[in-house]
Amino acid sequence: MYSDVTIKNALGQSIPARLFKGQGAGLALILPGLRYYGDFPLMLAAREVFLQAGLSCLVLDYDYAADESFTTAVQADEQSSLETLKQDGAVYLEQAKALHAGGPLIIAGKSLGTMLMAGMAGFDGPMVWLTPSLVGTGLMDVIANCPGPHFSLIGSRDPAYEMAISPAYRAIAQMTAL
């Protein structure tokens, strides 16, 4: 069971989200990917693991692909779009902290969701990187600057697979990569 909640992005726009109430303390912020929603397999599996551990789950339901201003900006200036995602990620983290009532705070993102996590550099809680967007985003450096612990999962057909199996990625402190 969940309740609909609204959070704001860095521009102050309302972003739909769902808050699933866990049985214990703690919160997991779940950031789906581009055209990959919170009820798709990897996000659903992450949510179920967190709920079974007693954590509540805040799942963003925002589709950046449907945001015409964002997709137009990506086409015009990809680096600026990465900065927008970082800014949104930082704002989402602050709002998750405000909803957090004690216990662990865990961040999990997939693909574009991991680019949102780039705005959370320095976060010292557990972070779950599902198919992280490592190519051309500077995300590996961001991950290295988050004290962790980290878990990363990526498939062999993913464009970032070679980076994800590199010694540099696997050497990130507190990283478990599969």
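Me: How far apart are the end C-alpha atoms of helix H1, and what span should its 12 residues give?
Reply: In this predicted model, the end C-alpha atoms of H1 (residues 41-52) are 16 Å apart; at 1.5 Å a residue, its 12 residues should span 16 Å, so the two values agree.

Me: Which residues of H1 are buried?
Reply: Met43, Ala46, Arg47 and Phe50 are buried in H1. They lie on the same side of H1, because they cover an arc of only 100° around its axis.

Me: Why would that spacing put residues on one side?
Reply: An α-helix has 3.6 residues a turn, so residues three or four places apart point the same way.

Me: What covers the buried residues of H1?
Reply: The cover includes strands S2, S3, S4, S5 and S6 (127-130).

Me: And which exposed residues are on the face turned away?
Reply: That face of H1 carries Pro41, Val49 and Gln52, which are exposed.

Me: What follows H1?
Reply: Glycine 54 follows H1, and its phi is positive, near 95°.

Me: Changing topic, in what order do the strands of the sheet run?
Reply: Eight strands form an open sheet with mixed pairing, in the order S1-S2-S4-S3-S5-S6-S7-S8. Strands S1 (2-8) and S8 (175-177) are at the edges, each pairing on one side only. From one strand to the next, the twist averages 20°.

Me: Do S3 and S5 run parallel or antiparallel?
Reply: S3 (residues 27-31) and S5 (residues 105-110) run parallel and are joined by five bridges. Leucine 31 has glycine 109 in S5 as its bridge partner.

Me: Which strands does helix H3 touch?
Reply: H3 (residues 78-99) packs on the sheet and touches S1, S2, S3, S4 and S5, with its direction at about 155° to that of S3.

Terms used. Residues are numbered from 1 along each chain as its sequence is written. This is a predicted model: local features need pLDDT of at least 70, side-chain atom pairs count only at pLDDT 80 or more; totals for chains, interfaces and linings use all residues. Side-chain values use heavy atoms; hydrogens and water are left out. Two strands pair if DSSP finds at least two bridges between them. Helices (H or I, at least four residues) and strands (E, at least two) are DSSP runs, numbered from the N terminus. Axes are lines fitted to C-alpha atoms, for helices over the stretch in contact, and angles run from 0 to 180 degrees between N-to-C directions. Contact means heavy atoms within 4.5 Å. The expected span of a helix is 1.5 Å times one less than its number of residues. Buried means under 20% relative accessible area, exposed over 50%, partly exposed in between (1.4 Å probe, protein chains only). The arc is that of the directions from the helix axis to the C-beta atoms.
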